[in-house]
Amino acid sequence: MAQINPPRTLSESRPPVVRDDGTMVAPETNAADFFEDHRSAILAAIIGLVVLALAVVAWRAWQANRSEEGQRLLGAILTEYEAGNWQAALDGTDTAPGLLEIADDYGSTATGEQATFFAADAYYQLGDTDRALEMFEEYDGDGLLAASALAGQAAIIEPTDAARAAGLYEQAAAEYESPASTPGYLLDAARAHLAAGDTEAAQGALRSVIDDWAQTPEAQRAQVEMGLAEARATATGQPTGGVRAAPAAPDSSAGAQPTAPVQLTLPGQ
């Protein structure tokens with residue numbers, strides 16, 4: 001009967017390694033020699049990885065603490081904002097830094113962006129529309145505040161550039177779709193389109209309110225304004241080819257003021 005040889009161990013199955021001087025050594029010996037020859041570099045690499053991991057953990061902890069502190073400061077000064085003390089909200093008080101300082105200190109973080117938005121609205125409420133427009137344009141967040149920042153820009157430029165304002169209102173409506181804000185922004189867009197003489201675009205915005213937001217209070221108002229827009233289109237005609245429509249008649253809603261940016265209260269205040 002043929003004898004079955006026992007399997008060789010891993011070290012026995014690996015061939016010896018030939019050194020540069022022609023001598024042969026076991027693989028384990030070669031590995032040990034390699035470690036000895038490169039001990040400093042290997043240890044430095046390991047230490048570097050450990051230090052990097054610790055630095056990442058520390059940075060994340062610092063960011064979390066900084067965010068928490070920023071939100072606390074923002075919540076404190078927003079009490080002035082909510083009370084209508086716009087200048088105090090911007091400049092700060094004896095006990096809390098102002099929105100401008102928070103926006104500068106916290107930069108592009110969520111806290112910094114929120115401070116930028118509320119500072120823009122405070123300037124708007126004070127009538128400093130140039131500074132308000134600048135800060136609304138600087139805001140780089142998302143969601144409801146982003147929609148409100150777009151609407152803020154639109155409200156400021158509407159008296160001088162109704163067509164551009166209409167586009168910004170429509171962007172605001174699409175940025176954050178909600179029955180609490182979207183229909184209102186679409187009505188604003190319709191008003192601005194009419195002011196610019198574009199009755200077709202105005203009807204499109206009103207139709208969106210009627211069809212997509214039928215359960216909101218704005219839908220009934222949109223029905224009324226749709227009739228007015230259709231009457232104006234009939235009276236002035238629509239541009240075709242090289243023919244321009246006649247100047248638009250004053251809007252029946254001309255006395256209405258543009259919607260101001262939404263004032264919000266942050267959670268935890």
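Tyr81 is buried, with a relative accessible area of 1%. Buried here means under 20% relative accessible area, exposed over 50%, and partly exposed in between, with a 1.4 Å probe and protein chains only. The model is predicted: local features need pLDDT of at least 70, side-chain atom pairs count only at pLDDT 80 or more, and totals for chains, interfaces and linings use all residues. Residues are numbered from 1 along each chain as its sequence is written, and side-chain values use heavy atoms, leaving out hydrogens and water.

What does Tyr81 pair with? A search of the whole structure finds 5 aromatic pairs. Rings of Phe, Tyr and Trp (its six-membered ring) pair if their centres lie within 6.5 Å; planes under 30 degrees apart count as stacked, over 60 as edge-to-face and the rest as tilted. One of the pairs is Tyr81 with Phe118, edge-to-face, at 5.0 Å centre to centre and 75° between the planes. Tyr81 sits in helix H3 (residues 39-82) and Phe118 in helix H6 (residues 110-126), so this pair ties together parts that are 37 residues apart in sequence. Helices (H or I, at least four residues) and strands (E, at least two) are DSSP runs, numbered from the N terminus. Phe118 is buried too, at a relative accessible area of 0%.

Next comes Phe117. Its ring centre lies 5.9 Å from that of Tyr139, with the planes at 65°, so this pair is edge-to-face. Phe117 belongs to helix H6, whereas Tyr139 is in the loop between helix H7 (129-138) and helix H8 (143-157). The two residues are 22 apart, and their pair links distant parts of the chain. Phe117 counts as buried at 0% relative accessibility. Tyr139 is buried at 11%.

Helix H5 (residues 99-106) packs with H6 at an angle of about 150°, and the axes are 8 Å apart. Axes are lines fitted to C-alpha atoms, for helices over the stretch in contact, and angles run from 0 to 180 degrees between N-to-C directions. H5 is therefore roughly antiparallel to H6. Angles under 35 degrees count as roughly parallel, over 145 as roughly antiparallel, 65 to 115 as roughly perpendicular and the rest as oblique. The H5 and H6 crossing is left-handed: the near helix is turned anticlockwise from the far one by less than a right angle, while clockwise would be right-handed.

Which residues of H5 meet H6? They are Leu99, Leu100, Ile102, Ala103 and Tyr106. Across from them in H6 are Thr111, Gly112, Ala115, Thr116, Phe118, Ala119 and Tyr123. Contact means heavy atoms within 4.5 Å. The H5 and H6 contact has 9 nonpolar, 3 polar and no charged residues. Ala, Val, Leu, Ile, Met, Phe, Trp, Tyr, Cys and Pro count as nonpolar, Asp, Glu, Lys and Arg as charged, and the others, Gly among them, as polar.

Further along, helix H9 (residues 162-175) and helix H10 (residues 182-195) cross at roughly 165°, their axes coming within 8 Å. That makes H9 roughly antiparallel to H10. Their crossing is left-handed. The H9 side includes Tyr169 and Glu170, and the H10 side includes Asp188 and Arg191. By class, this contact has 11 nonpolar, 2 polar and 3 charged residues.

Now the whole chain. The protein chain has 12 helices and 2 strands. Buried residues make up 35% of its 269 residues.
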